Amino acid sequence: MADLSTTFTGIRFENPFMLASAPPTESDANIMRAFEAGWGGVVTKTIGLHPVVNVKGPKTKFLRADNGDSRLSMTKRPNTTLMASWNWELISDKPLDWWIGKLSNIKKQYPNKVLIASIMAGSGNDKELNNWQKLAKACQDEGVDGLELNFSCPHMDRVDMGSNVGKDKVLCSVVTMAVKEVAKIPVWVKLTPATSNIAEEAEATFRGGADAISTSNTWPSLPLIDPDTLEFEMNVEGFVSPGGLGGPAILPLAMAKVAQMTTKFPDKEFSGIGGVSTFAHALNYILLGCGTVQVCTAAMLDHAIGPNVIRNLIGGMTDFFEKHADKGWKSLADIRGIRRDRIVAHSQIKRPEQLDYHGGYDEEHEGYAALTTT
Ligand SMILES: Cc1cc2nc3c(=O)[nH]c(=O)nc-3n(C[C@H](O)[C@H](O)[C@H](O)COP(=O)(O)O)c2cc1C
């Protein structure tokens, strides 16, 4: 019988699947529904100290492709396939005081489920570093199991917040150190994918004392322009600002980010996020070395907290171990990271024998024409 439980940063999970910090975890009601549905843990919507007012109109839309056609649009319509979510939602618009009492109540009612509080403050001065500590202590006193520091929100104007922290190695270390000074519980850090080599920011973050790194948040991006109206498909009075792309489109991108880190730090702990809606998707992160996997977009589109998604993840993982029983794999620990070493430098990938080489032209490969000479 497969054992779906796992221990990650010292915290015991009944299964490794979590709701990521986002609308599915924006309230105590949602979080408790998610636990009932079977999620092993959740990361709360990011909690901050400054007042938050979101833009007028929708905060998230979903980009879909027509089946059998190449039209891409956010317009809701039948016979389409989901490509991505796009959002410009800010962190929780409920103040810290709103969360106090609710976090402890969730933990009291679901002691065996994992509750991680996502927090965010600025980092430009000592007052802001104290704000990180204030948030950390307040959530810790509520009995949460761990903290996730948000260094990854892609739409912040402030240069000392969100992904701007995750792009600055010094700030990654300094803020993590400030939180570790007061934290008695594990500290995870959610890094932005919007850097050239995330392993460098990961190194700085681990140097600051982080217990784990989560990635990816959404990718900086724009909504498409409607070819008829010439307006961005998502705008307020005609204006748009860069927001974040999530969902299926980012799975391969986020895998590459995770691999940059797990190949460099095989003994460290990582939580994989981005584009997961089935166990087959989640498996990618596990085989690359992640110990937990987080989900947002797929859960938003499945009754807001993903009851069918978690059923698929748990069922898929159970089936996987049954299918591979002959290999002796019984738990996540047996398969974690077993494909990490298959990622090598391009020059180490085998070339064909001289006789088999047709100068790169080979009609049998999709997208390439046969070599024709004139
Ligand atoms: C509407 C929306 C709001 C989000 N809010 C937060 C947030 O407050 N804090 C955070 O760390 N990530 C936030 N995220 C990012 C998600 O947690 C996740 O990293 C991202 O969506 C990629 O996962 P997915 O492909 O499963 O959606 C948000 C994502 C969406 C779509």
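In helix 6, the buried residues are Leu-171, Cys-172, Val-175, Thr-176, Ala-178 and Val-179. Seen around the axis, they cover an arc of only 155°, so they sit on the same side of helix 6. The arc is taken over the directions from the helix axis to the C-beta atoms. Buried means 20 or more other C-beta atoms within 10 Å of the residue's own, exposed means 12 or fewer, and partly exposed is in between, with C-beta atoms placed from the backbone.

This is a predicted model, in which local features need pLDDT of at least 70 and side-chain atom pairs count only at pLDDT 80 or more, while totals for chains, interfaces and linings use all residues. Residues are numbered from 1 along each chain as its sequence is written. Helices (H or I, at least four residues) and strands (E, at least two) are DSSP runs, numbered from the N terminus.

Back to helix 6. The helix runs over residues 169-182, which makes 14 residues, and its first and last C-alpha atoms are 21 Å apart, close to the 20 Å expected at 1.5 Å a residue. That expected span is 1.5 Å times one less than the number of residues. What does the face turned away from the buried side of helix 6 carry? That face has the exposed residues Val-170 and Glu-181. As for partners, the buried residues of helix 6 pack against helix 4 (126-141), strand 9 (146-151), helix 5 (163-166), strand 10 (187-191) and helix 7 (198-207). A contact here is two C-beta atoms, placed from the backbone, within 7 Å.

Helix 4 is next. It has 16 residues and spans 22 Å from first C-alpha to last, close to the 22 Å expected. Its buried residues are Leu-129, Asn-131, Trp-132, Leu-135, Ala-136 and Cys-139. Why do they line one face of helix 4? Because, viewed down the axis, they fall within an arc of 150°. The other side of helix 4 has Asp-126, Lys-127 and Asp-141 exposed. The packing partners of the buried residues are helix 2 (96-99), helix 3 (102-109), strand 8 (114-119), strand 9 and helix 6. Just after helix 4, Gly-143 has a positive phi of about 90°.

Leu-129 counts as buried because 20 other C-beta atoms lie within 10 Å. Apart from neighbours within four places in sequence, Leu-129 is in contact with Ser-123, Val-175 and Ala-178. Val-175 and Ala-178 are among the buried residues of helix 6.

Now the core. A nonpolar core is a set of buried Ala, Val, Leu, Ile, Met, Phe, Trp, Tyr and Cys residues joined through C-beta atoms within 7 Å. Which residues touch the most other members of the largest one? They are Leu-19, Ile-119 and Leu-147, out of 91 residues. Not counting residues up to four places away in sequence, Ile-119 touches Thr-46, Ile-47, Trp-132, Leu-135, Ala-136, Cys-139, Leu-147, Leu-149 and Asn-150. Trp-132, Leu-135, Ala-136 and Cys-139 are on the buried list of helix 4.

Next, the ligand. It has 30 residues around it, and the closest are Ala-20, Asn-87, Gly-246, Cys-296 and Thr-297. Strand 7 (80-87) and helix 10 (297-300) are the elements that give two or more residues to this shell. The shell divides into 11 nonpolar, 15 polar and four charged residues. Asp, Glu, Lys and Arg count as charged, Ala, Val, Leu, Ile, Met, Phe, Trp, Tyr, Cys and Pro as nonpolar, and the others, Gly among them, as polar.

Last, some backbone details. The peptide bond from Thr-215 to Ser-216 is cis, with omega near 20°, and Ser-216 is in the loop between strand 11 (212-215) and strand 12 (219-221). Asn-79 is not a glycine, yet its phi is positive, near 55°. Asn-79 belongs to the loop between strand 6 (72-73) and strand 7, and is exposed, with 9 other C-beta atoms within 10 Å. Ala-304 also has a positive phi, near 70°. Its place is the loop between helix 10 and helix 11 (307-323), where Ala-304 is partly exposed, with 14 other C-beta atoms within 10 Å.

Definitions and conventions. A residue is near a molecule or strand if its C-beta atom, placed from the backbone, lies within 6 Å of it.
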